[in-house]
Amino acid sequence: MLIGMLVWLAALLLVPIKEPAAAVLLFLGIAVASGVLSIVRPALLRNNKLLLLLALLSFLTLLPARLLLQAPPVGGWLSEPVAMFSVPYAVAPLLATILVGPAAGLAVGVWTSIGCALFARQQVAVLITGLVAGMLAARLGYRVRRRIQIFRIGLLIGLAQMLLIPAVLAGPMGLQLDTMGVQALACVASGLSSAIATLLLLPLFEILFETTTDVTLLELSDLSHPLLQRLAMEAPGTYHHSLVVANLAQAAADEIHANALLARVGSYFHDIGKLTKPEYFVENLSREANPHDSLPPSLSALVIAAHVKEGLGLALLHKLPLPIQEIIAQHHGTGLISFFHHKANQQAVRTGAAETDGRRRTEPVDESSFRYPGPKPASREAAIVMLADAIEAASRSLEKPNVAHIQDLTDRIVISRFEDGQLDNSDVSFAEICRIKRAFVFTLTSMLHGRIAYPKRA
């Protein structure tokens, strides 16, 4: 909290206000906004990088506001009654909402509105206009997935500001019919300029602060991406598996209000590392001999585990966003490659072992050589992809995929991952795990439903 306040204070000092009382009032506004964030998103105030991002975004509203509200009037276009509606109030809260979340957008909107009001000699009309624009930006900008939506949001905010003109000017300033038309145009210009600035600056802030928005994720969900096309051609079994995992993960993420788009896109790319040696994975095996038959279990486990590292290499090469890279790295956690560990134990029983008191003694094979490198899932979306990946793969072995069998399979896999500690860092609650399992069962049952046997023609 203290670090967050220091960052906000630094932002305040960079945009000086002449009157000390006004500076104190703005600082109090920042404190209130930070207090709201400490309740809604406390982790945000401990993230210095995101706090710096919010401070920088605030200048996109405060600096134009200072120029417009404190500049000497030049004709009717820059007169005070027009300038107060020309400020791009929505640009900072809209960018903050898209990049960080609605709570951050609302907090930025509150204190930038206070700052704009102070620039205009504490005019309530400016404060109200800024607050309305900020609240609409925080509400409408959440989960934006297409760039055209940003234009629509800007237009709606401009129209909302236009509707405020009679209300906010009915007080001390009074209505001036001769300038209301220009003020209405200024409102629309304010909303659209905020949208244009958001569109232009969004990619820059995504790169600088390594933040991935739903706009970028939606672009990556296009199955014509070169990596996905390679997967379809070179590892068709893995490609189909990834599509099914994506459906499971999206349904589960929707169920617990996680980022369903991130879970879906992460599922598309989670197994791209199998492109290096597709023939070593069971879903891509042809009727030819299994290449693992000629390998010791420990080497087979190394080949299987390597697809995580290979996937990260491909993700870096193709500049996939950091959240996708994290899902690729975490979708197996430090889980056990159980098939080859069991195979190694069986070989140890057959070949190993010294005789002790007439009994054959065997030591279990060390698990550490048969585990994925990790790390464990650190987000709800990564945990969902892990579970969906395991459940989809195991469901292929079901002889009778009815509801009871799918339910039993789902329970066993989720419990095993939980007991193995793979979900410890994912911030998934018990209640959410139950809802995730229900979503998996419902979706898998729909996918694996039976068909009526059609009679053969004579």
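Contact here means heavy atoms within 4.5 Å. Helices (H or I, at least four residues) and strands (E, at least two) are DSSP runs, numbered from the N terminus. The model is predicted: local features need pLDDT of at least 70, side-chain atom pairs count only at pLDDT 80 or more, and totals for chains, interfaces and linings use all residues. Residues are numbered from 1 along each chain as its sequence is written, and side-chain values use heavy atoms, with hydrogens and water left out.

**Figure 1. Helix α12 against helix α19.** V244, N247, L248, A249, A251, A252 and E255 of α12 meet R435, I436, R438, A439, F440, T443, L444 and M447 of α19. By class, these residues divide into 10 nonpolar, 2 polar and 3 charged. Ala, Val, Leu, Ile, Met, Phe, Trp, Tyr, Cys and Pro count as nonpolar, Asp, Glu, Lys and Arg as charged, and the others, Gly among them, as polar. The two axes come within 8 Å and cross at roughly 140°. Axes are lines fitted to C-alpha atoms, for helices over the stretch in contact, and angles run from 0 to 180 degrees between N-to-C directions. α12 and α19 are therefore oblique to each other. Angles under 35 degrees count as roughly parallel, over 145 as roughly antiparallel, 65 to 115 as roughly perpendicular and the rest as oblique. The crossing of α12 and α19 is right-handed. A crossing is left-handed if the near helix is turned anticlockwise from the far one by less than a right angle, and right-handed if clockwise.

**Figure 2. Helix α12 against helix α13.** α12 covers residues 236–255 and α13 covers residues 260–269. Their axes come within 8 Å and cross at roughly 165°. That makes α12 roughly antiparallel to α13. This crossing, too, is right-handed. On the α12 side, the contact is made by S242, L243, V245, A246, N247, A249, Q250, A253 and D254. On the α13 side, A260, A263, R264, S267 and Y268 take part. The contact of α12 with α13 has 8 nonpolar, 4 polar and 2 charged residues.

**Figure 3. Helix α17 against helix α18.** α17 (residues 380–395) packs on α18 at an angle of about 135°, with the axes 10 Å apart. The two helices are therefore oblique to each other. α17 passes α18 in a right-handed crossing. M386, L387, A390, I391, A394 and S395 of α17 meet L409, T410, I413, V414 and R417 of α18. This contact has 8 nonpolar, 2 polar and 1 charged residues.

**Figure 4. S426 in the loop between α18 and α19.** The loop lies between α18 (403–419) and α19 (430–447). S426 is buried, with a relative accessible area of 1%. Buried means under 20% relative accessible area, exposed over 50%, and partly exposed in between (1.4 Å probe, protein chains only). The side chain of S426 reaches the backbone oxygen of L423 at 2.8 Å. Leaving aside neighbours within four places in sequence, S426 is in contact with P377, A378, S379, R380 and A383.

**Figure 5. The cis peptide bond at P375.** Most peptide bonds are trans. A cis peptide bond joins G374 and P375, with omega about 5°. P375 sits in the loop between β2 (359–361) and α17.

Figure 6. Most residues other than glycine have a negative phi. R143 is not a glycine, yet has a positive phi of about 65°. R143 is found in the loop between α7 (124–140) and α8 (147–168). R143 is partly exposed, with a relative accessible area of 31%. K319 has a phi near 55°, also positive. K319 is in the loop between α14 (297–317) and α15 (322–330). K319 is exposed, with a relative accessible area of 73%.

**Figure 7. E219 and R145.** E219 is found in helix α10 (residues 214–220). E219 is partly exposed, with a relative accessible area of 47%. E219 and R145 are 74 residues apart in sequence. In space they are 8.8 Å apart, C-alpha to C-alpha.

**Figure 8. The whole chain.** The chain has 19 helices and 2 strands. Of its 458 residues, 48% count as buried. Among contacts with a separation of 6 or more, residues 24 or more positions apart account for 76%.

Methods. Polar contact = N/O pair within 3.5 Å; in protein donor to acceptor, adjacent residues only side chain to side chain.
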